[in-house]
Amino acid sequence: MLEPLRQGLPPLDPAAVSNAASCALPARYEAVREARAFTRRMLDQWEIGDRFDDVCLVVSELVTNSLRHGLPAGTLCTADQSPPVRLHLMRWTERLVCAVRDPSQASPVAREGADDFAAESGRGLFLVDSFADSWGWHPMAGTLGGKVVWALFRLPHTPRSGE
């Protein structure tokens with residue numbers, strides 16, 4: 001049912017981005033809380049805070065996966081390095097994209113048995129697939145290396161005054 005998608009973002013005009021923000025996340029599990037707080041601030045600022053629960057769940061899963069599977073062994077909890085994980089939020093009029101970049105080239109893999117709801121882990125990508133309208137990943141090009149895993153949310157069109 002769930003297949004990891006190796007593809008770039010769906011066709012979205014980069015010039016039409018109405019808002020964008022990103023934050024660097026340290027290599028420690030507390031970064032998940034920091035990612036949620038950052039997401040809350042941005043969604044409230046962009047007046048789409050009503051989508052926070054779904055978006056926050058997906059952001060939490062993407063950041064957790066990057067920390068668990070996207071960092072070299074022994075990277076977690078070393079505070080002297082530059083933050084290896086970065087969260088990007090990009091908003092178009094009717095879409096929001098959450099993207100998490102990490103240094104690994106390995107593709108995200110949905111675990112077998114993700115429908116075992118008694119399990120304590122292994123359902124992250126299943127949840128991303130369930131709550132986001134679409135998701136995927138692609139390797140980074142150039143000197144950055146690593147990959148970006150993204151999730152897209154459709155937003156209801158709310159005309160601004162004067163439209």
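1. The buried residues of helix 2 are covered by elements that include strand 1 (19–25), helix 1 (31–45), strand 2 (85–92), strand 3, helix 3 and strand 5 (147–154), where contact means heavy atoms within 4.5 Å and buried means under 20% relative accessible area, exposed over 50% and partly exposed in between, with a 1.4 Å probe and protein chains only. Among the buried residues of helix 2 are Phe52, Val55, Glu61 and Leu67. This is a predicted model, in which local features need pLDDT of at least 70 and side-chain atom pairs count only at pLDDT 80 or more, while totals for chains, interfaces and linings use all residues. Residues are numbered from 1 along each chain as its sequence is written, and side-chain values use heavy atoms, with hydrogens and water left out.

2. The 18 residues of helix 2 (residues 52–69) should span 26 Å at 1.5 Å a residue, and the end C-alpha atoms are 25 Å apart, which agrees; the expected span is 1.5 Å times one less than the number of residues. At Phe52, Arg40 lies over the face of the ring, at 3.8 Å from the ring centre, a charge being over a ring if NZ of Lys or CZ of Arg is within 6 Å of the ring centre and within 35 degrees of the ring normal.

3. The chain has three helices and five strands, taken as DSSP runs (helices H or I, at least four residues; strands E, at least two) numbered from the N terminus, and along the sequence they follow the pattern β-α-α-β-β-α-β-β. Buried residues make up 41% of the 163 residues in the chain.

4. Not counting residues up to four places away in sequence, Leu96 touches residues including Trp46, Val55, Met90 and Phe153.

5. Ser104 lies in the loop between strand 3 (95–102) and helix 3 (124–131), and is buried, with a relative accessible area of 14%. Leaving aside neighbours within four places in sequence, Ser104 is in contact with His69, Gly70, Gly146 and Lys147. A polar atom of the side chain of Ser104 also lies 3.0 Å from the backbone nitrogen of Ala106.

Methods:
Polar contact = N/O pair within 3.5 Å; in protein donor to acceptor, adjacent residues only side chain to side chain.
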